[in-house]
Every structure is written in C-alpha cells, then in structure tokens.
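Hi,

Here is the model I promised to pass on. Have a look at it first, and my notes come after.

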Number of protein chains: 2
Amino acid sequence: MTGGKPRASGRVSLAQAEDHSLDAFLQLMRVQQKLQRQMERVLDGAGLTLPQFDVLANLGMVEGITQQELAERLLVTKGNVCGLLDRMEAAELVQRRPDPKDRRANRLYLTRVGRAALQAAFPTHLGVVQECMSVLSGAEQRTLAQLLGRLDVGD
Amino acid sequence: MTGGKPRASGRVSLAQAEDHSLDAFLQLMRVQQKLQRQMERVLDGAGLTLPQFDVLANLGMVEGITQQELAERLLVTKGNVCGLLDRMEAAELVQRRPDPKDRRANRLYLTRVGRAALQAAFPTHLGVVQECMSVLSGAEQRTLAQLLGRLDVGD
DNA sequence: TATTGTTATACTCTATAACTATA
DNA sequence: TATAGTTATAGAGTATAACAATA
C-alpha cells in the first residue's frame, strides 16, 4: 500500500533506536499484495480463488471441522464462510455433513474432486512460493517467519 | 492463509540449509490479513476503504500523477483505478484535471476535503501501525523491512 | 440465553475486454 | 500503432444484521 517501494533514507543514522514500524508495515503490505496476485494467477489455472484454496488447504489438514471453526481459521465471518461453502459445494469441492451430536453444526469434508484439486494445486503453489522466497537464504526465511510470528498474536 | 498459526516443528534441527519458504509465506499472508482487517476497522471510522486511503496517501506524497501512474503504484489495473477515482471524486476526495500537454491524460490532485481526510486518518493509522509493530525492537523492524524489501522485486 | 448456520442486503474491489480520443 | 482513460460486464469476497433451529 501507499505505493512506491520504500527506500533507505539518505540520512545515515547510527542509532539503533529508530522506529522502522512504518517501513516494515508498508513493505509487508506491498510484498503480500504482489505475492497474492501471483498466487491468484496460479490458482486461476486450477479454477480456484485464493480463499477457496485456503478452504481446501485447511480441510486437507483438519477435516471434519465446523463452519464456525473454519471461519475462525480463515479470519472471516461465519456468514462469509457460508457463501464460500455454497459456491464450493456447488463446485463439488467440499461437503457439509450434519454433526450427529450437535444438530446445529455441520462438519466439513473434502470430496474426491476437492482432494484432487488440492493435490493438483498444492505442488504448483509450493513451487511458486519457493521460487519467490528463493532470494532469501534458508536462515533468512526462518528469521522472516519468526519475526512475522511475533506479530501474529492476539485478536 | 492456510489457517492455523504455523509453529516450530517438534524436531529440532541443526542444519542451516532447511527450507522455510512456506513457513515464511504462510506467516506473511496471515499477519498481513490481520493487519489489514485492523486497518480497515480504523479507516472505516473515517469513511475510507484501504484502497481509498492508499490513493490519498499516494497523492499526499506525489500529487499530479496520472491515473496510469497511480495504477502502477497501487499494483492494479487502470480500469480499476478509474472506478476507484469515480467513487472518490463523487466523495470530493480527489480531483481529476486534464493534462494540458497530453490531452489523453488526467493529473490527480487532492481536494481540500481529501487532504483533511488524509491528515485526520494518517496519525491514527500510524499509531495503530506503531502499536502493532511494537512487539519488535527498532532493529528487528529494520531487519523485517529489509528482508521484505529483498522480496519486493520485479513482479 | 447462547451458539450454529442461513439468508438478505449492500458495497468495494478486482479483472477482462472492447471502446474513444489523442499521441 | 501505441497510450490514457472510460465503460460494460461479471464475479468474488467482505461485512452486518436479522432469522431459524438447536443446545
């Protein structure tokens, strides 16, 4: 966001205590946007949107969760998930099954088609990710993941 | 994306050469999503969407650019920018002025209202950013910005 | 009363592609 | 021919809020 790749200011400073929060934030938004667009292009070939791929990837890891649980994982509202699932169920990618123990809830499962779509899309997705991240060393990638992980708290 | 906060695997490894690209990628997508939602909530109080704030912030830095230049900065299409500007012009936030030297082009300017909106929203925005990023030291923020900057290259 | 899911509403953003005017 | 901008089309995703069924 706030376009234009941030660059180092001309003024060199020796101080460690400077605030770089805005730099980091802008760069984060910008890089994510680029990566997201790229992922969308890749997934488009598989007929999937990014949120749909996220649903598949989540169910690939933890099948049988409820819609509410999925909503929490995706960081969206339950109404949102409902529409998302409507479209994906129409595309035969996922299946809602009533929970026998709690008749309010649905348990979510991949269909055969959904599993195939995930298995087809994931390697390509991973390949693109690895290629994008390959400008960083493994250690740098780890550092990046750790720093981001520290930001991934609360709320 | 692909919900569930990634965590260190139980298996401890001494190798430096491991690939952490997916970890970093997932964490990047996830953190950005959280930050974006938070920014949207903040901006909603000012009646702005995130893309609209981006337009204001860009024009605040480099007024007089063309729609095409703005599209490139925002990493979106020109058709997209056109609609965005339609809404923002209707809200009196920005103004299109025909370029006298190139009668195909428009030059973009903030209105008084747009400038006021930017000046009102920016400090709050910055405050939220600083608060979010405050779990990292200044040096860590710098490292994060630098690592991300390395990822921010050609498409 | 609280929770799960659904529905209704509404809007922004996004892309693609065809089109106009100008360079 | 190429570029700047517009328009038309289309759809997904998102939120909010009110509603139903169940716990």
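Predicted model: local features only at pLDDT ≥ 70, side-chain atom pairs only at ≥ 80, totals over all residues.

Residues are numbered from 1 along each chain as its sequence is written, chains are lettered from A and ligands numbered from 1 in the order in which they are written, and side-chain values use heavy atoms, with hydrogens and water left out.

**The two chains**

Chain A superposes on chain B by a rotation of 180° with 0.0 Å of shift along its axis, at an RMSD of 0.0 Å (least squares on C-alpha atoms of residues with pLDDT of at least 70 in both). The two copies are therefore related as by a two-fold rotation axis. The same surface serves both: 98% of the contact residues of chain A recur in chain B (contact means heavy atoms within 4.5 Å).

As for the interface itself, 63 residues of chain A touch 63 residues of chain B, by that contact cut-off. Together the chains bury about 5,900 Å², 65% of it on carbon and sulfur atoms (accessible area lost on being put together, 1.4 Å probe, summed over both parts). A:Leu75, A:Leu151 and A:Asp152 supply 11% of the area that chain A buries against chain B, more than any other three residues.

A:Gln141 sits in helix H6 (residues 138-151) of chain A (helices are DSSP runs of H or I, at least four residues, numbered from the N terminus). At 3% relative accessibility it counts as buried (under 20%, 1.4 Å probe, protein chains only). The A:Gln141 side chain reaches the backbone nitrogen of B:His20 at 2.9 Å, and its contacts beyond four places in sequence include B:Asp19, B:Ser21 and B:Ala24.

**DNA strand D**

Which residues are closest to DNA strand D? Of the 22 that surround it, they are A:Thr49, B:Gln67, B:Gln68, B:Cys82 and B:Arg104 (near means a heavy atom within 4 Å).

Cheers

Technical notes:
Helix = DSSP H or I, 4+ residues; strand = E, 2+ residues; numbered from the N terminus. Buried < 20%, exposed > 50% of the residue type's maximum accessible area, 1.4 Å probe, protein only. Polar contact = N/O pair within 3.5 Å; in protein donor to acceptor, adjacent residues only side chain to side chain. Buried area = accessible area lost by both parts, 1.4 Å probe.
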